[in-house]
Amino acid sequence: MARRVLHHNTSNHHPNNVTSPLLSLSLALLCLLSAPAASAQLTRTHYAGVCPNVEGIVRGAVQKKIQQTFVTIPATIRLFFHDCFVQGCDASVMVASAGSNRAEKDHPDNLSLAGDGFDTVIKAKQAVDAVAGCRNKVSCADILALATRDVIALSGGPSYPVELGRLDGLSSTAGSVNGRLPQPNFSLAQLNSLFAANGLSQSDMIALSGFSHCGKFANRIYNFSRGNPVDPTLNRAYATQLQQMCPRNVDPRIAINMDPITPNTFDNTYFKNLQQGKGLFTSDQILYTDLKSRPTVDAWAGNSVAFQQAFITAITKLGRVGVKTGRGGNIRTDCGVLGR
C-alpha cells in the first residue's frame, strides 16, 4: 500500500489504542525555507570522520525496537513528518514541555503521536552515544531521519541514501504548530499550496500522503450532511468497517489503519484503495476524485516501482526542509530537553 499508516499509541507519549500499523505517510507543509538552500548543507558523508558507523548503529537499534513492537514503524514515520511540518526537520517535536513552555508534542495535533516513535529515537541516540567516538556528535534530527529510512526499508519499502548534517532546533512551542499541518478536509488546491510553499510538488504530496485518527474523519461516517450522514463517495463496506472501529463515543485519538488490505507492508495498496473509494480522509479521496491528480494515483496503483521512486524523491526533499545549521541549532545530549 502506498502506505499510509495509522496507529496507535502504545508507549510513553499519549497512550492511544491502535490498530495495525502500516506504512506510508502524511502530508507536509513546513517552514518557508527553500529545499535547494537547505540541501546544500547536507551530505551523505557528514559523520564519516567522527562516527563512521552511525547508520549501522541506528539501524541496529531500530531493528531491536521493531522486534518489540511493529508499531515502531508507523510511529517513527509519523514522528518524522510531524517534526518536519513544523519549523523544519530539527527534532523539535521530541522536546518535552517544561516550566511555562508548552512544547510541540503537547499541541492537540500531536497528541496522537505514538510513544514508540519517540522511544525509537531515544534508544537509537543512546546506542550512538554509547560509542566513545560518536558521543554527543550526532544530532537527534539526523537520528530521526535515519530511523525513518530504516523502518521503511525494514517493512518492505525502499532503502534510500539519507542526507545528514542537521542540527537540533533551539525552540519548541505548541503555538508554532498552529496552521502548520494539513487538515483532513483540505481540497487538492489547498494541499498543493501547502506543499508548493516548501518546494514540494503535487507529485511529492501524493507520494507522501495520509493517515489518521477517529476524531479526524468522524464527520465522513456519521455527520457528512443532513441528507447523507455517510459521505456518498466513501465505499459503503469500508464506511461500515470504519464505524465499527470508531463508534460514536470512542476516544478521538484512537488511530486506525488507513490501508485495510496490507496494513503492515510498505507498498502501493493505498492507491488501489483510493480507486475503490477507500480513502480515509476527504483529502485522501480527493486525490482520486479530482481529475488533476487521478492520473498519478492510477499510475502508482499499477506500478509499485514508479511509486517507490517517487516516494524516495519526495521524502528526500522533505528531509531538507528547515534544516538548522551553525548558530541556528545544536546537538542535544538529551533529545527531549532543549540546550542539553
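By salt bridge I mean a side-chain nitrogen of Lys or Arg within 4 Å of a carboxyl oxygen of Asp or Glu. K292 counts as exposed because its relative accessibility is 60%, whereas D290, at 16%, counts as buried. Here buried stands for under 20% relative accessible area, exposed for over 50%, and partly exposed for what lies in between, with a 1.4 Å probe and protein chains only.

Residues are numbered from 1 along each chain as its sequence is written, and side-chain values use heavy atoms, with hydrogens and water left out.

How many salt bridges does the structure hold? There are 12. Some of them share partners, and these join E55, R59, R149 and D150 into one network. R149 counts as buried because its relative accessibility is 6%; D150 counts as buried at 0%.

A further salt bridge links D129 and K125, whose closest N and O atoms are 3.6 Å apart. Both residues are buried. They lie in helix 4 (residues 115–129), 4 residues apart, which is about one turn of the helix. Helices (H or I, at least four residues) and strands (E, at least two) are DSSP runs, numbered from the N terminus.

Which of its residues are buried? They are V297, W300 and A301. These residues lie on the same side of helix 12, because they cover an arc of only 105° around the axis. That arc is taken from the directions from the helix axis to the C-beta atoms.

The pLDDT is the predictor's confidence in each residue, from 0 to 100. The protein chain averages a pLDDT of 81, and 79% of the residues score at least 70. Over residues 210–215, however, the pLDDT is below 50, and this stretch has 40 contacts in the model beyond near neighbours in sequence. A contact means heavy atoms within 4.5 Å. Where pLDDT is low, the predicted coordinates should not be read in detail.

Technical notes:
Predicted model: local features only at pLDDT ≥ 70, side-chain atom pairs only at ≥ 80, totals over all residues.
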